[in-house]
Structures are given as C-alpha cells and as structure tokens.
Amino acid sequence: MVENTLLKNISKHIHLTQEEILTFERFWTKKTLEKGDYLLRNGDTCRYDSYVVSGALKAFYINAENGNEEILFFAVDDWWASDLDSFSKQKPSIYNIQAIEKTTVLQISHYSFQQLLTELPCLERYFRIILESYLGALQKRIIYNNVYDAESRYYNFLETYPNIVSKVPQYLIASYLGVSAEFISRIKKKNKPS
C-alpha cells in the first residue's frame, strides 16, 4: 500500500476515487536509504521519481574548480526528489542525490510513470501543480541569490523552510545559500540575545 502521506499530498490538489487509489498504488515501490546512501549518482540516468516519506536528502554536484560540494536542493518528508531533466528525457544526470539521514522513499519508474498517467489522466493535473510549485521556488531562489545579500537569504531560508533547518546540518545550508558555515555562525552569534 502507498504511504498515506503521498495520498494526503495528492488529495490537497485532486480527488481520487477508491478504485483510482487502488490503481495508483500498483505503480509504487518503497525503498529505504541509510545515511550516506545515494539515490542518484552523477552520470547515471534517473530511472525513478521519488517521493520522500521520511528522512532527508541533498542534491549536489562537485565543483570541478575547487572540489566543493554545491547544494542544489534538499528534499525532506512530503517532498519529491529527482533530476527532472534526467528522468523525463532518460539521459545521464549531472548531479547526485544522497541521504543525509535514514530516508524512506516511494519510487515510480519512468515507464510506470507514463503508464500511470495513461491509466489515471487526472494525475496530470496533480503533477503539473507540483512542477509549478517547484518552478516557483526555483525562480524565487534565483531572484534571492541575485538581488539579496547573504544575511537576507539566510533569514528567508529560515522562514521559508523551517522543516529543513531542523533536519539539515548548518554547513549544508551554507552551501545551498552560497556562504560559509562560519558566516552563518557569525549571524547567529550577532543576533543571539545577551
């Protein structure tokens, strides 16, 4: 049976009948990753779209110039984790997705995803809404990175993603924001009540 959290997420956007839920559940498999396990490696084709039931993942690439891990996004409980370009075009990924902690995901293969949308076309709307939300967040991140200073980006991140802040180490958040972990420590110290 598909985890209730995914069905709750879907029900926020569309209604599925009991028969449609039974059809939907046939397409998914559960996978558990231990801390440090990879969901996807750079150069591999993303064969599955993954919904995070519990845990935390980071998507990153390694900067060839300095060897640093550059964080692209995080995925925590009730989020999706995939390389959309690699998954949709079935071509090699340009980044990695790795578990930050023990993580359980529900996965659907590319082929099964296409079959699912054929059998349940109402899900096209759901996945469009999810994609629109992702693109909106991506646009906001680009604007914040280009317009706002690092301290403003940090506070916006805290306000926008409190569920990530509680699960992800500070040095990874720093990488995501394009600052050093020391910079975040200075901001915290500066604003700490005396």
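This is a predicted model: local features need pLDDT of at least 70, side-chain atom pairs count only at pLDDT 80 or more; totals for chains, interfaces and linings use all residues.
Trainee: In what order do the strands of the open 4-stranded sheet lie?

Mentor: The sheet is open and its pairing is antiparallel. From one strand to the next, the twist averages 30°. The strand order is 2-7-4-5.

Trainee: What is the bridge partner of Leu40 in strand 7?

Mentor: Strand 2 pairs with strand 7, residues 96–99. The two run antiparallel, over 2 bridges. Leu40 has as its bridge partner Ile97.

Trainee: Is strand 3 largely enclosed or largely open to the outside?

Mentor: Strand 3 spans residues 48–54. Of its 7 residues, 5 are buried, so the rest of the structure leaves it largely enclosed.

Trainee: How many salt bridges does a search of the whole structure find?

Mentor: Side chains of opposite charge can pair when their charged atoms come close. One case is Lys167 with Asp77, at 3.0 Å from N to O. The search of the whole structure gives a count of 9.

Trainee: How far apart in sequence are the parts that Lys167 and Asp77 tie together?

Mentor: Lys167 sits in the loop between helix 7 (162–165) and helix 8 (170–177). Asp77 sits in the loop between strand 5 and strand 6 (80–81). Their pair therefore ties together parts separated in sequence by 90 residues.

Trainee: Which helix holds both Asp85 and Lys89?

Mentor: Their side chains form a salt bridge, 2.9 Å from N to O. Asp85 is partly exposed at 31%, while Lys89 is exposed at 56%. They lie 4 residues apart, about one turn, in helix 3.

Trainee: What separates the closest N and O atoms of Arg128 and Glu132?

Mentor: Both residues lie in helix 5, 4 residues apart, about one turn of the helix. Arg128 is partly exposed at 41%, and Glu132 is partly exposed at 45%. Their salt bridge has its closest N and O atoms apart by 2.9 Å.

Trainee: Where is the nearest side chain of opposite charge to Arg141, and how far away is it?

Mentor: Arg141 belongs to helix 5, residues 123–147. It is buried yet has no salt bridge. A salt bridge needs the atoms within 4 Å. The nearest side chain of opposite charge is Glu70, at 7.4 Å.

Trainee: Which backbone oxygen does the side chain of Arg141 reach?

Mentor: Leave aside neighbours within four places in sequence. Arg141 is then in contact with Ile71, Leu72 and Tyr176. At 3.4 Å, its side chain reaches the backbone oxygen of Ile71.

How values were computed. Residues are numbered from 1 along each chain as its sequence is written. Side-chain values use heavy atoms; hydrogens and water are left out. Buried means under 20% relative accessible area, exposed over 50%, partly exposed in between (1.4 Å probe, protein chains only). Lys and Arg count as positive and Asp and Glu as negative; His and the chain ends are not counted. A polar contact is a pair of N or O atoms within 3.5 Å; within protein, one must be able to donate a hydrogen and the other to accept it, and residues adjacent in sequence count only if both atoms are side-chain atoms. Contact means heavy atoms within 4.5 Å. Two strands pair if DSSP finds at least two bridges between them. Axes are lines fitted to C-alpha atoms, for helices over the stretch in contact, and angles run from 0 to 180 degrees between N-to-C directions.
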